[in-house]
Amino acid sequence: MNEAFFDKKEYKPLDRVDGRLKVTGAARYSAEYPMPNMAYAVLVGSRIAKGTIKSIDSKAAERAPGVLAVISHLNAIKVPGYQSKGEHPSEPPTNGQPLRVFFDNKIYSNDQPVVAVVATSLEKAQYGASLVKIQYNKEQHQTNLEANAGNAVLPAAAKKNPKSPTADYDRGQKDAFDSAPVKIEAEYVLPTEVHNPMELQAITAHWEADDRLMVYDKVQGTKMAQKNFAKEWNIPEQNVKVISTFVGGAFGNGLHNWPHETAAIIAAKQVKRPVKLVLTREQMFTMVGYRPRTWQKIQMGATKDGKLVAINHQSIGQTSSYEEFTESTLQQTRMMYASPSISTRYRILPLDVATPIWMRGPGEATGAFGLESAMDEMAHAIGMDPVDFRLANYTESDPDKNVPWSTKYMRECYEEGKKRIGWENRKLKPGEVRDGEWLVGYGMGTGTFGANRNSATVHAELDKEGNLVMHCAITDIGPGTGTAMVQIASNTTGLPTEKITFHLGSSEFPNAGLQGGSSTVNSVGPAVQAACNALKGQLITMAAGKGNAAFTSAKPDDLMFDKAEIQLGGKSLKTTIADLFKQNNIEKIETTNESKPDENRNKYSMYAFSMHFAKVHVHPFTGQVRVMKIVCCADAGTIVSPKTAASQMIGGATGGIGMALTEDAVMDHRFGRYVTKDLADYHMPVHADVPDIDVYFVDKPDLLADPVGSKGLGEIAIIGVAPAIANAVFNATGKRIRELPITPDKLI
Ligand code: MOS
């Protein structure tokens with residue numbers, strides 16, 4: 001990170017407001033809340049991938065010291081919200097329903113939770129769990145995507161809505177590819193990837209009364225979880241409290257409620273004590289979703305001088321047999337380049353596996369590996385520089401929706417990226433550049449993600465000392481949401497950041513959507529702004545009411561604080577918040593404000609864009625790939641909090657390195673079971689794998705997207721990184737690797 005980047009800003013980059021709590025261990029995560037009379041649950045998973053449970057022998061476990069209950073479908077209390085009609089999950093109404101834990105004897109995937117052992121300590125629960133003996137009726141399972149590709153289907157969501165990003169899409173001429181002057185055709189495979197956040201998925205569930213549930217839970221949406229649990233237990237939403245103050249990393253797997261959460265809630269009801277349940281690292285691979293293995297095929301046609309004429313892009317992603325999971329894998333293909341003819345075909349394949357879930361840059365990161373690799377293949381085929389090829393097909397408006405972009409500043413990203421990576425050292429012909437023994441290659445990949453916005457509400461309180469305290473139900477899964485919101489409030493009011501507090505992560509606080517889809521700053525930021533402006537408006541009314549003429553025609557925008565002193569139009573009024581409060585005989589003022597998407601969303605197409613450049617070294621004898629440098633350029637609108645935003649980009653690029661080079665959840669299809677189920681076998685990039693990552697932000701507001709001008713950047717941080725690295729490996733070696741990860745065996 002370049003220091004000059006920070007110097008440009010009118011404000012100093014803020015350290016994380018909760019940084020001290022996190023590094024000192026004072027921050028409490030879902031499994032760290034002590035409760036009187038706590039019990040501990042451990043889940044036992046199925047050893048088969050498909051079939052039924054024949055018998056469960058729990059006698060030894062029940063007799064083991066400290067064991068309070070052994071819970072399975074045989075004795076679990078009924079969950080009122082579970083739908084019970086339909087013999088098979090693929091039959092309505094159970095189709096689309098998340099796994100109903102302990103509901104019946106059916107097995108849908110390997111390591112599906114089938115028994116919970118609850119005991120007075122974790123160790124006693126673990127020992128009890130080791131004593132449970134389960135017998136199964138095994139049925140033939142199918143877990144192999146490629147072997148079953150013929151059974152892939154159009155998602156139900158696409159059938160219902162032909163405008164869905166997963167529906168079949170055609171523009172231009174159907175057979176344009178066939179007659180294209182230059183054609184390439186290739187298949188790409190992305191393996192199953194697992195989130196592996198540092199914090200294991202955890203819940204502490206407590207029934208405060210028969211119909212009052214309180215959970216400390218690792219989620220990305222406290223309101224989502226509140227709604228889901230209320231529905232599941234058929235109790236009013238206000239009887240469910242979900243606390244998720246700190247989340248130790250979540251990249252999408254907290255966007256869904258999972259069987260282990262319901263298992264803990266069942267257990268708490270059954271043993272009448274608070275129950276803590278923490279998944280093991282192995283269970284993180286099987287019980288809380290993953291990025292689905294996806295096969296893609298691309299046909300791309302272009303003229304000899306580099307104008308695209310057609311792209312046909314199809315993909316098949318896996319899902320479970322009981323729940324339809326889809327993602328917008330092919331969306332980028334529809335809108336990124338000015339090809340007159342484009343067809344996309346998205347299919348899903350139900351297999352005997354657990355349900356996948358969104359994982360950072362969901363869909364687009366997968367699709368971009370295909371699209372951006374194919375763009376590189378085409379540039380090579382016509383002998384054109386890959387950046388020039390993209391510029392030759394630049395879109396000035398959205399060719400998919402036929403409306404203008406709200407903002408798009410990719411040209412300067414391309415220029416800046418080229419400069420920073422040293423693109424002039426790249427040779428068109430692969431394998432031409434060496435550094436000692438090592439082959440040197442340069443590559444790039446583009447990313448995009450919708451600039452999403454949801455409605456959000458913030459409550460704000462200002463006291464006479466000038467302390468501003470805000471509340472909102474949004475979670476912070478790691479990007480530094482509290483820090484960004486404090487910065488926005490400080491920018492809007494002029495109050496020093498140390499006088500501002502932002503409380504988040506509780507369903508008791510005012511409404512917010514999920515922390516997902518790069519939407520938090522775009523959604524909650526405007527609500528913070530609105531609340532701050534409302535407070536300023538109240539002060540103006542108060543002052544004007546006391547006959548202060550300067551205030552009579554003032555607007556919230558005119559008023560700023562300099563510490564606690566009030567300024568209008570940049571001029572000090574020699575009066576403080578305390579003075580005003582005293583005149584009006586009040587201690588504090590407060591407000592609750594909602595901010596929501598407006599009609600601009602229909603008139604413009606709103607996307608954030610990124611561009612990633614990679615320089616790699618490849619050893620010609622060992623096939624080792626070393627990423628030497630990555631440059632991430634982003635057009636994400638206003639950068640509210642430069643330090644945490646840069647961290648987001650660095651984290652995304654690191655995820656991209658894993659995607660490109662190391663991450664692969666390998667399944668043994670004989671058993672339908674993963675064999676790489678820990679951090680020793682499932683390789684994530686460590687410090688030694690991660691080079692200097694240089695981040696460049698365009699930092700121009702998109703005020704059509706939202707009043708903060710932000711477009712979001714959590715997803716675009718990773719989208720396009722893997723193809724940038726794969727393309728750099730090709731440039732270094734002349735070897736095109738179309739199945740990730742690029743392990744040394746594929747290069748020698
Ligand atoms: Mo993100 S995949 O929306 O957590």
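**Around Ile725 and beyond**

Leaving out residues up to four places away in sequence, isoleucine 725 touches Ala614, Val616, Val627, Ile630, Gly656, Ile657, Ala660 and Leu661, where contact means heavy atoms within 4.5 Å. This is a predicted model, so local features need pLDDT of at least 70 and side-chain atom pairs pLDDT 80 or more, while totals for chains, interfaces and linings use all residues. Numbering runs from 1 along each chain as its sequence is written, and side-chain values use heavy atoms, without hydrogens and water.

**The core**
- Met300, Val616, Ile630, Phe697 and Ile725 touch the most other members of the 87-residue largest nonpolar core (buried Ala, Val, Leu, Ile, Met, Phe, Trp, Tyr and Cys joined through side-chain atoms within 4.5 Å; buried is under 20% relative accessible area with a 1.4 Å probe, protein chains only).

**Whole chain**
- The chain has 17 helices and 31 strands, which are DSSP runs numbered from the N terminus (helices H or I, at least four residues; strands E, at least two).
- Of its 748 residues, 60% count as buried.
- The radius of gyration, taken over C-alpha atoms, is 27 Å, which agrees with the value near 27 Å for a compact globule of 748 residues (the rule is 2.2 Å times the number of residues to the power 0.38).
- Its C-alpha atoms fill a box of roughly 80 × 75 × 50 Å along the principal axes.
- Among contacts with a separation of 6 or more, 80% link residues 24 or more positions apart.

Key
Buried < 20%, exposed > 50% of the residue type's maximum accessible area, 1.4 Å probe, protein only.
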